[in-house]
Amino acid sequence: MAAYIGCAGFVAAGILGSLYQLVTGEAPKFSIALGSWLKAMGTFLLCLFVGPFIIMRNAIRGRRLEHRPIGWLVASSTIAGMWSICSGIVVMQFALVIASQF
């Protein structure tokens, strides 16, 4: 069950990350825009849900380009996996609420 929820969280992170990149033309990163309160909250929520995607993208690029050790990739995968489970719980709860309305 945790694997299913983790996959749902990672897929949601990938979809949101790709959508962000499509709209803005730049890859998502861990930074909060401080232009206004609304913009800061939006980028915070984006980082909250896109975090596993950003971690894995950076870990794979670090392994390929900077030749980081395999332990770095394993640790990053573990962190992204746990984060995906947490965000997957939110995504699944949201899906269940939406499904119960119809």
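**Where two helices cross**

Let's start at a meeting point: in α1, Phe10, Ala13, Gly14, Leu16, Gly17, Ser18 and Tyr20 come into contact with Leu46, Phe49, Val50, Pro52, Phe53 and Met56 of α2. Sorted by class, this contact between α1 and α2 has 10 nonpolar residues, three polar ones and no charged ones. Keep in mind as you look around that this is a predicted model.

How do the two partners lie against each other? Two packed helices are described by the angle between their axes and the distance between the axes. Here, helix α1 (residues 2-24) and helix α2 (residues 37-65) pack at an angle of about 95°, and their axes are 8 Å apart. Angles of 65 to 115 degrees count as roughly perpendicular, so α1 is roughly perpendicular to α2.

Now step back to the whole protein. Its secondary structure consists of three helices and zero strands, and from the N terminus the elements follow the order α-α-α. The C-alpha atoms fill a box of roughly 50 × 40 × 20 Å along the principal axes. Among contacts with a separation of 6 or more, 62% join residues 24 or more positions apart.

What about the surface? The accessible surface comes to about 7000 Å², and carbon and sulfur atoms account for 74% of that. Of the 102 residues, 25% are buried.

You will find serine 76 in helix α3 (residues 70-100). Is serine 76 buried or exposed? Its relative accessible area is 11%, so serine 76 is buried. Leaving aside residues up to four places away in sequence, serine 76 touches Ile55, Met56 and Ala59.

Definitions and conventions: Residues numbered from 1 in each chain as written. Predicted model: local features only at pLDDT ≥ 70, side-chain atom pairs only at ≥ 80, totals over all residues. Heavy atoms only, no water. Helix = DSSP H or I, 4+ residues; strand = E, 2+ residues; numbered from the N terminus. Buried < 20%, exposed > 50% of the residue type's maximum accessible area, 1.4 Å probe, protein only. Contact = heavy atoms within 4.5 Å. Axes fitted to C-alpha atoms, helices over the stretch in contact; angles between N-to-C directions. Parallel < 35°, antiparallel > 145°, perpendicular 65-115°, else oblique. Nonpolar A, V, L, I, M, F, W, Y, C, P; charged D, E, K, R; others polar. Areas by Shrake-Rupley, 256 points an atom, 1.4 Å probe, with all protein chains shown as cover.
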